[in-house]
Amino acid sequence: MDEDQAIGQAIARAAAALRAGGLVILPTETVYGLAADAANPQAVAAVYEAKGRPAFNPLIAHVADLATAQRIARFDERALRLAKRFWPGPLTLVLPVADETAVCDLARAGLDTVAVRAPGHPLAHALLQAFGGPVVAPSANRSGRPSPTTFLDAIEETGAAADQALDGGPSRIGLESTVIALLDEPRLLRPGAVVRGEIELLIGPLSEADADARRSPGRLARHYAPNLPLRLGALTPLRREAFLAFGPTPSRDQVWNLSPSRDLAEAAANLFAYLRAADRSGASGIAVAPIPDEGLGEAINDRLRRAAGFVG
Ligand code: TXA
Ligand code: MG
């Protein structure tokens, strides 16, 4: 059997598991997800259970293409423009729901809106095509832990609840998708790999997520936290601290360099794996070098502030 056949069979097994109401560890270009049939409330309940996630925090419906997305959500002109430019890719749109059974009530946490995204990873795309309908896939971490960016981290977090698992290698981007709500004025609910400037070029200025918890439910949950205390904006580590460096730095024990060349995409791809490694190192805490807030830096700093417990 050649490699293509083996991949085809793994996809067929994963699609069958979804149809049977099972859970699948799914690689995407952002982070690994824990996938289930979006229309099946029992399967969706099993996802919340496996993550220990509060049921008021809704899930993203993943689709193979724009046509499938348009069956479940109402796209206005702005939504179409963004989807055509950035899909398949790391952008999630929160839109008015069009079909309340295709993405069940529990998956939407009872809201009349739905979050949709068409992921770019070839295995995710192949599974979504084979399955045919929308698939919920929150990040495959247990609630409150860093998102998994490698197959092994995903298995360690929620593998015990999964019926099938697809190994797609390390996540190329390493941070979760950008989430934009297009309900009234466009709002940035979660900064991510598609950066603010690229979106504003197409649809104009983005407002911040508002305080209305019904419209930004995810902001209530604690997120991305390692076990050790995190100290941000640190120029050098204290004696017993692990250090996440950014830029040229003398290499020594307990230093993980997010990007020696100060490349933000490289730093994003390394962030969660290095947080996990530093967390396991036996240090007393984790110091993190300052990261510039431009472009992808906005999403990196958002995740770091959440990990340090400053937001949500
Ligand atoms: O990159 C990603 O988006 C990954 C991969 C696996 O696709 N998935 C992911 O899912 O990060 P999750 O469940 O960890 O994060 C989904 C975010 C949460 O902050 C949630 O509150 C928000 O999207 N969200 C989902 N539905 C929403 C809705 N109807 N209104 C507002 N926010 C919503
Ligand atoms: Mg998550």
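Here is a short tour of the strands and helices.

This is a predicted model, in which local features need pLDDT of at least 70, side-chain atom pairs count only at pLDDT 80 or more, and totals for chains, interfaces and linings use all residues. Residues are numbered from 1 along each chain as its sequence is written, chains are lettered from A and ligands numbered from 1 in the order in which they are written, and side-chain values use heavy atoms, with hydrogens and water left out.

Start with the open sheet, where ten strands follow the order β7-β1-β2-β6-β3-β5-β4-β8-β9-β10 with mixed pairing. Helices (H or I, at least four residues) and strands (E, at least two) are DSSP runs, numbered from the N terminus, and two strands pair if DSSP finds at least two bridges between them. Because β7 (164-165) and β10 (207-208) stand at the edges with a single partner strand each, one side of each has no neighbour in the sheet.

Strand β1 (residues 24-26) pairs with β7 in the parallel sense over two bridges, and I25 has A165 in β7 as its bridge partner. Helix α6 (residues 151-158) lies across β1, β2 (33-37) and β7, running at about 145 degrees to β1. Axes here are lines fitted to C-alpha atoms, for helices over the stretch in contact (heavy atoms within 4.5 Å), and angles run from 0 to 180 degrees between N-to-C directions.

Finally, turn to helix α8 (residues 264-279) and helix α9 (residues 297-307), whose axes come within 10 Å and cross at roughly 25 degrees. In this contact, L264, A267, A268, L271 and F272 of α8 meet G297, I300, R303 and L304 of α9.
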